[in-house]
Amino acid sequence: MELRAVRKVYRRGTQEVRALDGVSIGFPAGTFTAIMGPSGSGKSTLLQCAAGLDEPSAGQIFIAGEEISGMDESARTALRRDRVGFVFQAFNLVASLTAAQNVELPLRFAGRRPDRTEVARALSEVGLGDRPGHRPSELSGGQQQRVALARALITRPDVLFADEPTGALDTRTSREVLAGLRRLVDRQAQTTLMVTHDPVAASYADVVVFLKDGQIADRLELDPGDGSKPSRVAARMARLEA
Ligand code: ADP
């Protein structure tokens with residue numbers, strides 16, 4: 001996935017807010033990128049534009065080589081349904097449905113009859129193969145977020161977008177979800193973009209991109225074997241905020 005000279009300007013009365021101010025960046029297939037930056041730096045706007053939830057004011061966005069900027073609304077709806085997956089801070093599971101039924105939903109929305117082995121496989125990929133019949137209220141927060149992850153991946157999206165996926169979880173269950181994300185990247189080369197403000201969460205990625213005032217201000221490549229990753233990420237973040 002790639003962004004070229006992307007700008008997003010919001011108008012507030014007579015004022016212009018440049019939420020993204022000339023962002024050019026590539027996210028190679030099969031890599032896990034964390035996006036960090038102070039509040040208001042443009043992280044959510046970047047994610048929303050990149051995922052086709054919002055349109056940039058200028059510039060181009062490509063997913064798997066295809067330009068998505070400038071697509072009409074029906075093409076963008078199809079893109080969101082078939083080519084990208086989302087997980088949010090709120091798990092957004094349907095309370096009355098089981099884990100397996102929640103995971104099936106995107107296939108049903110796409111008019112496909114869910115194949116039971118496909119759903120079982122998605123649940124085992126996130127370590128929940130033994131819980132297909134549980135309802136969200138019978139699962140922990142970390143387990144619920146992993147159901148949401150399986151649901152995001154059932155359509156085999158080109159890119160997975162995660163917006164503060166561990167924001168509502170405690171340290172231990174956050175780790176379950178982050179390890180699950182990492183495993184998907186390592187085993188299935190799932191291209192993943194995650195917005196987070198937590199240096200520990202960001203340390204699971206291959207690279208951390210730092211935004212400030214709508215521009216890319218810094219970038220940190222992470223070495224898998226480096227135990228000091230969270231503190232290195234936190235130090236860069238502190239430098240950005242100074
Ligand atoms: P972050 O996710 O890093 O906190 P955002 O992408 O939410 O940053 O916001 C970037 C800037 O754009 C901020 O100044 C924010 O106030 C502004 N902004 C975001 N969404 C809107 C909107 N819908 N209307 C007006 N301004 C917005």
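Tutor: Gladly. Let's begin with a term: contact means heavy atoms within 4.5 Å. The model is a predicted one. By that rule, G142, Q143, Q145, R146, L149 and L153 of α5 meet T173, E176, V177, G180, L181 and L184 of α6.

Student: What kinds of residues make the contact of α5 with α6?

Tutor: The contact divides into five nonpolar, five polar and two charged residues. Gly counts among the polar ones in this scheme.

Student: What makes α3 and α4 roughly perpendicular?

Tutor: Here the axes of α3 and helix α4 (residues 116–125) cross at roughly 115° and come within 10 Å. The range for roughly perpendicular is 65 to 115 degrees, so α3 and α4 are placed in that class. α3 passes α4 in a right-handed crossing. A99, A100, V103, E104 and L107 of α3 make the contact with E118, V119, A122 and L123 of α4. Seven of the residues in the contact of α3 with α4 are nonpolar, none is polar and two are charged.

Student: Let's turn to single residues. Is Q190 buried or exposed?

Tutor: Q190 has a relative accessible area of 8%. Buried means under 20%, so Q190 is buried. Q190 lies in the loop between α6 (171–188) and β8 (191–195).

Student: What does Q190 touch, leaving aside its neighbours within four places in sequence?

Tutor: Q190 is in contact with G30, T31, L153, P157, D158, V159, L160, L184 and V185. Q190 and L153 are 37 residues apart in sequence, while their C-alpha atoms are 9.0 Å apart in space.

Student: Why is A162 called buried?

Tutor: The relative accessible area of A162 is 0%. With the cut-off at under 20%, A162 is therefore buried. A162 is found in strand β7 (residues 159–163). Not counting residues up to four places away in sequence, A162 touches L47, V87, L193, M194 and V195. A162 and M194 are 32 residues apart in sequence and 4.5 Å apart, C-alpha to C-alpha.

Student: What makes F86 and F88 a stacked pair?

Tutor: Their ring centres are 5.7 Å apart, with 10° between the planes. Rings pair if the centres lie within 6.5 Å, and planes under 30 degrees apart count as stacked, so both conditions hold for F86 and F88. By the pairing rule, the count comes to two aromatic pairs. F86, F88 and F161 form one aromatic cluster.

Student: Why is F88 called partly exposed?

Tutor: F88 has 35% relative accessibility.

How values were computed. Residues numbered from 1 in each chain as written. Predicted model: local features only at pLDDT ≥ 70, side-chain atom pairs only at ≥ 80, totals over all residues. Heavy atoms only, no water. Phe/Tyr/Trp six-rings, centres within 6.5 Å; stacked < 30°, edge-to-face > 60°. Buried < 20%, exposed > 50% of the residue type's maximum accessible area, 1.4 Å probe, protein only. Axes fitted to C-alpha atoms, helices over the stretch in contact; angles between N-to-C directions. Helix = DSSP H or I, 4+ residues; strand = E, 2+ residues; numbered from the N terminus. Parallel < 35°, antiparallel > 145°, perpendicular 65-115°, else oblique. Left-handed = near helix turned anticlockwise from the far one by under 90°.
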